[in-house]
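Here is a short briefing on one protein chain. Keep the sequence and the coordinates open while reading.

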Amino acid sequence: MAGRSYHHGDLRNALLDAAEALIRDRGADGWSLREATAQVGVAPSAAYHHFRSRDALLRALADRVIARVGEHLSDAAAAAHGSLQQPLIAVGREYVRWAVQDPAVACVAFAAGRTEPAARICPHPHDVLAAELDRLAGALPASARPGAEFVIWAAMHGLAVLLADGLIRLDSPQAIDREAERVLSAVLTGLAAEPPPSRAWPVPRSAHSEALARHQGSPDLASTR
């Protein structure tokens, strides 16, 4: 069996590719680890050198997909031109576009608790959002910055899910892009005009922000990252 794995080359990534293709074809629950190995052309026991179960394979795939999305969002921000808000609008547009075009994989990638707790995903979409918001420091009130990435994520993820589920319908990919731009522009305009709150806003957290805070040894970090 070791010979078959070696002959195949990068078995781990081949299994991840097979799982991703099966998810697009059948959804998250419509396939087995045995089927993934059959797609690759190795015996089921070969997969156990890399993944002890189908769930382990799904968690590793989620890590890979989220890192890939982070790269796309980072590239979209870097390519944006115009106002200070344009990179963040581009990030939101790219996120919505991806989630609508690849809904089954998006659903798996962002399922609660799907990623490995100790995974270091770089670039993580959350960090891309945070970095772009930090670049807007002069355009946002200081009181609006803490947790602003969660406000933006709620807007762009909410639009993506509504579109993917068919609860909002638009006629073309161009219309989806325009709707994403409108939503993100409205949110950023609202943040820029937001008066200081009479009492502190709630402190949102995610699995990633909590892991980042633990890694950097600062409990307060979760409130801003």
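The points below run from the overall fold to single residues.

This is a predicted model. The protein chain has 11 helices and 0 strands. Its mean pLDDT is 88. Buried residues make up 42% of the 225 residues.

**Fold and surface**

- Read along the sequence, the pattern is α-α-α-α-α-α-α-α-α-α-α.
- Of the contacts with a separation of 6 or more, 71% join residues 24 or more positions apart.
- The protein chain exposes about 12,000 Å². Carbon and sulfur atoms supply 54% of that area.

**Confidence**

- In the protein chain, 88% of residues reach a pLDDT of 70 or more.
- Residues 1-7 stay under 50. For this stretch the model has 8 contacts beyond four places in sequence.
- Residues 219-225 are also below 50 in pLDDT. That stretch has 23 contacts in the model beyond near neighbours in sequence.

**Nonpolar core**

- In soluble globular proteins, nonpolar side chains tend to be buried together.
- Here the largest nonpolar core has 57 residues.
- Trp 31, Leu 57, Val 96 and Ile 152 have the most contacts inside this core.
- Helix H5 (residues 54-79) gives the largest share of the core, with 11 residues.

**Aromatic rings and a charge**

- The count comes to 4 aromatic pairs.
- One of them joins Trp 98 and Phe 110. Their ring centres are 5.7 Å apart. The angle between the planes is 70°, and the pair is edge-to-face.
- This pair links distant parts of the chain, with its partners 12 residues apart. Trp 98 is in helix H6 (residues 86-101). Phe 110 is in the loop between helix H7 (103-109) and helix H8 (125-135).
- Phe 110 has 24%, so it is partly exposed.
- Phe 150 and Trp 153 form a tilted pair, because their planes meet at 50°. Their ring centres are 6.4 Å apart.
- Phe 150 and Trp 153 are 3 residues apart in helix H9 (residues 148-164). That puts about one helical turn between them.
- Phe 150 counts as buried at 10% relative accessibility. Trp 153 is partly exposed, at 28%.
- Tyr 95, Trp 98 and Phe 110 are linked into a cluster by ring pairs.
- Which ring does the charged end of Arg 54 sit over? The ring is that of Trp 31, and the charged end is 4.9 Å from its centre. Trp 31 is also among the core residues with the most contacts.

**Arg 12**

- Arg 12 is in helix H2 (residues 11-26).
- Its relative accessibility is 36%, so Arg 12 counts as partly exposed.
- Arg 12 touches His 50, Phe 51 and Ala 60, leaving out residues up to four places away in sequence.
- Arg 12 and Phe 51 are 39 residues apart along the chain. Their C-alpha atoms are separated by 8.3 Å.

- His 157 lies in helix H9. At 29% relative accessibility, His 157 is partly exposed.
- His 157 and Tyr 95 are 62 residues apart in sequence. From C-alpha to C-alpha they are 7.7 Å apart. Tyr 95 also belongs to the ring cluster with Trp 98 and Phe 110.
- Arg 135 is in helix H8. Is Arg 135 buried or exposed? Its relative accessibility is 57%, so Arg 135 counts as exposed.
- The C-alpha atoms of Arg 135 and Gln 85 are separated by 9.5 Å. Along the chain these two are 50 residues apart.

**A cis peptide bond**

- The peptide bond from Cys 122 to Pro 123 is cis. Its omega is near -5°.
- Pro 123 is placed in the loop between H7 and H8.

Key:
Residues are numbered from 1 along each chain as its sequence is written. This is a predicted model: local features need pLDDT of at least 70, side-chain atom pairs count only at pLDDT 80 or more; totals for chains, interfaces and linings use all residues. Side-chain values use heavy atoms; hydrogens and water are left out. Helices (H or I, at least four residues) and strands (E, at least two) are DSSP runs, numbered from the N terminus. Buried means under 20% relative accessible area, exposed over 50%, partly exposed in between (1.4 Å probe, protein chains only). Contact means heavy atoms within 4.5 Å. Accessible areas come from the Shrake-Rupley method with a 1.4 Å probe; for residues, only the protein chains shown count as cover. Rings of Phe, Tyr and Trp (its six-membered ring) pair if their centres lie within 6.5 Å; planes under 30 degrees apart count as stacked, over 60 as edge-to-face and the rest as tilted. A charge sits over a ring if NZ of Lys or CZ of Arg is within 6 Å of the ring centre and within 35 degrees of the ring normal. A nonpolar core is a set of buried Ala, Val, Leu, Ile, Met, Phe, Trp, Tyr and Cys residues joined through side-chain atoms within 4.5 Å. pLDDT is the predictor's confidence in each residue, from 0 to 100.
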